[in-house]
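Student: I would like a close look at one part of this model, the aromatic pairs, with the overall fold as background.

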Amino acid sequence: MAEIFVSGIISSAEGFGDNRLSIRYQLSCGGGWRVVQGEAEGQTQTDCPSVFESAFFGHPIDLHLATSSIQGWPRLLLQVWHHDAYGRQEIAGYGTILLPTSPGKHVLTAGCWRPKGSWREELMHRIVGGGLQLTSLSALEDPTIREKIVSVSTGTVKCELNIITKNFQRYGILS
């Protein structure tokens, strides 16, 4: 089987209005893929900096994947969570990062968004917090669902990933 090794970090997040953030992530891939080793989902720590506008994580990602097909190429589904001074959590944004297809070091930035509510829901979101959330992360994977969602751009998440491919040429996959 063709294999891909992913080693890197979820580096930082910025542009979310407040920097008390954490990120939940989940690997999504097609049916021909399987995780040989590593955690396919996880969560960073909450960064509560007092000075910086960005939140810094340095959260490690280490995966070994095998595939019999390139269809359903793996991607990381990201949920950015904001933590307020009262200990409440609310979704600050959603984003995706498609794993690179070529070997080497890659610095990737995911643009994030959140669902936009009516004027009343947006006003409540600003005053009380909370806001609309996705009921399923399938909207991050399926563009036909995603295009129907009215959204607001929120910020960016930066990942630094090192990719190693193995046996891709043997199976006719050019990288």
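Student: To start, what percentage of the 175 residues of the protein count as buried? Then please go through the aromatic pairs in the structure.

Tutor: Of the 175 residues, 43% count as buried, where buried means under 20% relative accessible area, exposed over 50% and partly exposed in between, with a 1.4 Å probe and protein chains only. The model is predicted, so local features need pLDDT of at least 70 and side-chain atom pairs count only at pLDDT 80 or more, while totals for chains, interfaces and linings use all residues. Residues are numbered from 1 along each chain as its sequence is written, and side-chain values use heavy atoms, with hydrogens and water left out.

The background is as follows. Three helices and nine strands make up the secondary structure; helices (H or I, at least four residues) and strands (E, at least two) are DSSP runs, numbered from the N terminus. Their order from the N terminus is β-β-β-β-β-β-β-β-α-α-α-β. Among contacts with a separation of 6 or more, 74% join residues 24 or more positions apart, a contact being heavy atoms within 4.5 Å.

Now the part itself. The structure holds three aromatic pairs. Rings of Phe, Tyr and Trp (its six-membered ring) pair if their centres lie within 6.5 Å; planes under 30 degrees apart count as stacked, over 60 as edge-to-face and the rest as tilted. One of the pairs is Trp33 with Trp73, edge-to-face at 5.0 Å centre to centre and 80° between the planes. Trp33 lies in strand S3 (residues 33-37) and Trp73 in the loop between strand S5 (55-67) and strand S6 (75-83), so the pair ties together parts that are 40 residues apart in sequence.

Trp73 also pairs with Phe168: the ring centres are 6.1 Å apart and the planes are at 80°, so this pair is edge-to-face. Phe168 sits in the segment after strand S9 (151-166), 95 residues from Trp73.

As for burial, Trp33 and Trp73 are both buried. The relative accessible area of Trp73 is 14%, and Phe168, at 1% relative accessibility, counts as buried.
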